[in-house]
Amino acid sequence: MEKKKFSFVNIIFFVVFGVLTGVLWAYLCPIPLIPGAVHFRTFAFIIPAIGYLFGPVTGFFAGYIGTIVWALLSGNFIALHSPITDGITVGLSAALPAFFHLKNGKIDLMSLLEPGKKGRFILVSELLCVGFGILMILSTSASLAYFTGLDYWWCVMWIGIADVVPIALCPFVVMWLAPKLKNLRAQIPWI
């Protein structure tokens with residue numbers, strides 16, 4: 001697999017995927033779990049899927065930008081917490097599963113989705129996505145508790161419900177989209 005170069009197109013993807021994620025989280029996730037701080041993120045699976053499909057760097061920036069856009073649009077922006085802890089940890093939870101699973105781009109995603117390998121792909125990606133999601137929850141909860149005065153374990157519980165449940169959909173979304181993107185990339189090489 002040829003290593004992709006960092007380009008202007010990558011930056012466009014960062015911004016488009018980040019804004020799309022933030023808008024989806026702000027307007028299509030109407031259930032506030034901790035009003036003013038946490039909503040149920042129905043589309044939390046998007047950012048690790050972007051990490052798998054477009055690379056860990058794109059996943060990171062989509063998660064980071066998505067978090068900032070969501071916080072601003074939904075009225076949940078918390079100074080220092082949103083741009084530093086929440087943005088960075090959400091970005092890492094989007095980037096790291098693909099980074100480790102694809103061995104930093106040395107393994108082609110499509111080779112993991114061949115017949116007979118899909119079950120292993122689902123298991124490994126579930127473990128990585130949920131595992132890094134849990135690490136994100138623990139660190140984000142500490143920051144949220146510090147900056148808002150909320151109880152740490154209360155934050156862990158509600159952020160866990162908000163993010164981990166939808167993140168579990170990531171491998172299935174990747175398995176559905178990867179073949180479609182492979183065909184699209186054959187026609188449009190800059191994707």
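**Helix packing, a surface patch and a salt bridge**

I11 is found in helix α1, a helix being a DSSP run of H or I with at least four residues, numbered from the N terminus, and a strand a run of E with at least two. The model is predicted, so local features need pLDDT of at least 70 and side-chain atom pairs pLDDT 80 or more, while totals for chains, interfaces and linings use all residues. Residues are numbered from 1 along each chain as its sequence is written, and side-chain values use heavy atoms, without hydrogens or water.

I11 also belongs to a nonpolar surface patch of about 870 Å², together with residues including F8, V15 and L73. Such a patch joins nonpolar side chains (Val, Leu, Ile, Met, Phe, Trp, Tyr) within 5 Å, from residues with over 30% relative accessible area and no salt bridge; areas come from the Shrake-Rupley method with a 1.4 Å probe. Helix α1 (residues 8–27) gives the largest share of the patch, eight residues.

Turning to charged pairs, the structure holds two salt bridges (a side-chain nitrogen of Lys or Arg within 4 Å of a carboxyl oxygen of Asp or Glu). One of them joins R41 to D86, with the closest N and O atoms 4.0 Å apart. This pair links distant parts of the chain, 45 residues apart: R41 lies in the loop between β2 (38–39) and α2 (46–54), and D86 in helix α4 (residues 81–101).

Conventions:
Patches are made of residues with over 30% relative accessible area and no salt bridge: like charges are joined within 9 Å, nonpolar side chains (Val, Leu, Ile, Met, Phe, Trp, Tyr) within 5 Å.
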